[in-house]
Amino acid sequence: MARVTPRPEATHNRILIPLKERCEQCDQPLSVSNHGHRSVATLSGQWKLTLVIRQCIQPDCPNSHQHQRPEEEGRWALPHGEFGLEVIALIGQWRFREHRSVPEMHQALQARGVSIVLRSVTHLMHRYEE
Ligand SMILES: [Zn+2]
């Protein structure tokens, strides 16, 4: 889903580092190969996440092409998602416990400072159902 309005400025920054420091295959230390960036909207604000990506540097290791992403990344949002899991959980609660409509949930999220468009609320409601 392409964004038509600019993403809001991050209000918080966090660096996520993989816990794993050694290669599972060859037990050599993993090296930082890259830094990824994600922007995640949560109920506490807009977060800019910097992800430290590690990789085995032994050329003959079977894991040398595998990238080790921070384990914590999955706690923040779904893969490729730009809204935090807590936002999806809240939408699910509002929808299925309180039977709120999409426009009501959209308005309530905006009132809580979450910059979101109507169709993203619908999309997240479907993700919650999955
Ligand atoms: Zn290795």
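# Close-up views of a predicted model

**View 1. Thr11 and the residues it touches.** Not counting residues up to four places away in sequence, Thr11 touches Gly45 and Gln46. Like every view below, this one comes from a predicted model. Look for Thr11 in the segment before β1, the strand that spans residues 12–16. Thr11 is exposed, since its relative accessible area is 54% and the exposed class begins over 50%.

View 2. To get your bearings, start with how the chain is divided: domain 1 covers residues 9–72 and domain 2 covers residues 83–130. The centres of the two domains, taken over C-alpha atoms, are separated by 29 Å. Five residues from domain 1 and eight residues from domain 2 take part in the contact.

**View 3. Glu73, a buried residue in α1.** Glu73 is found in helix α1, which runs over residues 73–76. Is Glu73 buried or exposed? With a relative accessibility of 10%, Glu73 counts as buried. Leaving aside neighbours within four places in sequence, the contacts of Glu73 are Leu16, Arg38 and Leu51.

**View 4. Two loop histidines with positive phi.** His80 has a positive phi of about 65°, although it is not a glycine. You will find His80 in the loop between α1 and α2, where this residue is exposed, with 82% relative accessible area. His99 is found in the loop between α2 and α3. The phi of His99 is also positive, near 55°. His99 is exposed too, with a relative accessible area of 65%.

**View 5. Helix α3 and its buried face.** Which residues of α3 are buried? They are Val102, Met105, His106, Ala108 and Leu109. Seen down the axis of α3, these buried residues fall within an arc of 165°, so they line one face of the helix. Their packing partners are α2, residues 85–96, and α4. On the face turned away from the buried side, α3 carries the exposed residues Gln107 and Ala111. After α3 comes Gly113, with a positive phi near 90°.

**View 6. Where α3 meets α4.** Two packed helices are described by the angle between their axes and the distance between the axes. Here α3 (residues 102–111) and α4 (residues 118–129) have axes that come within 9 Å and cross at roughly 110°. That angle makes α3 roughly perpendicular to α4. From α3, the residues in the contact are Val102, Pro103, Met105, His106 and Leu109, and they meet Leu118, Val121, Thr122 and Met125 of α4. Sorted by class, this contact of α3 with α4 has seven nonpolar residues, two polar residues and no charged ones.

**View 7. A closer look at Pro103.** Pro103, found in helix α3, is one of the residues that meet α4. How accessible is Pro103, and what does that make it? Its relative accessibility is 48%, so Pro103 counts as partly exposed. For a sense of scale, compare the position of Pro103 with that of Leu51: the two are 52 residues apart in sequence and 34 Å apart in space, C-alpha to C-alpha.

**View 8. Where α2 meets α4.** The axes of α2 and α4 come within 9 Å and cross at roughly 85°. These two helices are therefore roughly perpendicular to each other. On the α2 side, the contact is made by Val87, Ile88, Ala89, Ile91, Gly92, Arg95 and Phe96, and on the α4 side by Val121, Leu124, Met125, Tyr128 and Glu129. By class, the contact of α2 with α4 has nine nonpolar residues, one polar residue and two charged residues.

**View 9. A closer look at Ala89.** Ala89 has its place in helix α2 and is one of the residues that make the contact with α4. With 39% relative accessibility, Ala89 counts as partly exposed.

How values were computed: Residues numbered from 1 in each chain as written. Predicted model: local features only at pLDDT ≥ 70, side-chain atom pairs only at ≥ 80, totals over all residues. Heavy atoms only, no water. Axes fitted to C-alpha atoms, helices over the stretch in contact; angles between N-to-C directions. Helix = DSSP H or I, 4+ residues; strand = E, 2+ residues; numbered from the N terminus. Parallel < 35°, antiparallel > 145°, perpendicular 65-115°, else oblique. Contact = heavy atoms within 4.5 Å. Nonpolar A, V, L, I, M, F, W, Y, C, P; charged D, E, K, R; others polar. Buried < 20%, exposed > 50% of the residue type's maximum accessible area, 1.4 Å probe, protein only. Arc of directions from axis to C-beta. Domains from an automatic or database assignment.
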